[in-house]
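Student: I'm new to this one. Could we go through some of the labels and what stands behind them?
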Amino acid sequence: MIDLTEQQIADAKANDLGAVTAVIQATEERVTQLARRYASTGGRTDPELVEDLAQVGRIAVWEAVSRFRGTTVAEFFTFIDRTLKGAMSDERKEETRQGVSRQAAADYERALSIAGGDPYEAEFLATTAEAMGARKMSPEGAYAARLAYQGVEYLDAPLKAGSDSAEDFATLADTIVSETGIPEDLLEAADFVSVARNRTGKKVHRTLRKMSTDQKVVLMALTGIDPIGYFGTENDDELAAFMGLSRPRVSVVRSKAKDRFASLWIDLEWAA
């Protein structure tokens, strides 16, 4: 951000055009920086969303000037930064949720971040308690959130299967037909969810196998993955006795296990 003076800020609050212009120019760099951040997921940036968010940010700056109640330049920039983050966060959720609840969109975006920006992997991951905890989504809810994020047309988008040759590209529908034997014209949303659930289960077990014994057991106990059985989070005394750990230690292991699971998940490819 370019330097501003307290007098320029005061004049901008009084609608002095020159001062307002100076404020816009002084905040432009931060507007652009935040727009790129909020338009990026898993290292991927949506250029159109960057411009949309930047425009939202510029309007937010202009509207915020009159609401500023501080006096110093530092207070002003802190106020503007907070305003920009709130406006862009709200706009991003509005742009990507398209018919699903704000909370569902936020949960899906959390899964999307863990999945490294892969929307299909995020859909699968959003249904697992190991990654989402109490915010685990139903398969139907994750499916709806993914479609809202991408748009329904992504059902027919090409998936790269191997090399760059044309024959190595297939749609998601093609993949499901191959795996299930169901004719494409008879495919239903439940078929996509079923195959996704099977893939998720395989990947969950592959991920768990890469974890320490205590971390693996505590996550399997969280949702009742065989052969551990269900303990949830409300039976930590019983789980501690089962694992031979203190109850406080169980909580520590569970917290670290969730972080470790999320990290390992990103690096694994789907089982063939």
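Student: What makes the meeting of the R146 and E123 side chains a salt bridge?
Tutor: Keep in mind that this is a predicted model. The N to O distance for R146 and E123 is 2.9 Å. The cut-off is within 4 Å, so the pair counts as a salt bridge. R146 sits in helix α8 and E123 in helix α6, so the bridge ties together parts 23 residues apart in sequence. R146 and E123 are both buried.

Student: Why is D81 called buried?
Tutor: Its relative accessible area is 17%. Buried means under 20%, so D81 gets that label.

Student: And why does K85 count as partly exposed?
Tutor: K85 has 29% relative accessibility. That falls between the 20% and 50% limits, so K85 is partly exposed.

Student: How do you know that D81 forms a salt bridge with K85?
Tutor: The closest N and O atoms of D81 and K85 are 3.2 Å apart. With a limit of 4 Å, the pair therefore qualifies. Both residues lie in helix α4, four residues apart, or about one turn of the helix.

Student: What about D237 and R247: why are they called partly exposed?
Tutor: D237 has a relative accessible area of 48%, and R247 is at 40%. Exposed needs over 50% and buried under 20%, so both land in between. Their side chains meet in a salt bridge too, at 3.1 Å from N to O. This pair links helix α12, where D237 lies, with helix α13, where R247 lies.

Student: How many salt bridges does the structure hold?
Tutor: Eight. There's also a network of salt bridges linking E28, E51 and R58.

Key: Residues are numbered from 1 along each chain as its sequence is written. This is a predicted model: local features need pLDDT of at least 70, side-chain atom pairs count only at pLDDT 80 or more; totals for chains, interfaces and linings use all residues. Side-chain values use heavy atoms; hydrogens and water are left out. Helices (H or I, at least four residues) and strands (E, at least two) are DSSP runs, numbered from the N terminus. Buried means under 20% relative accessible area, exposed over 50%, partly exposed in between (1.4 Å probe, protein chains only).
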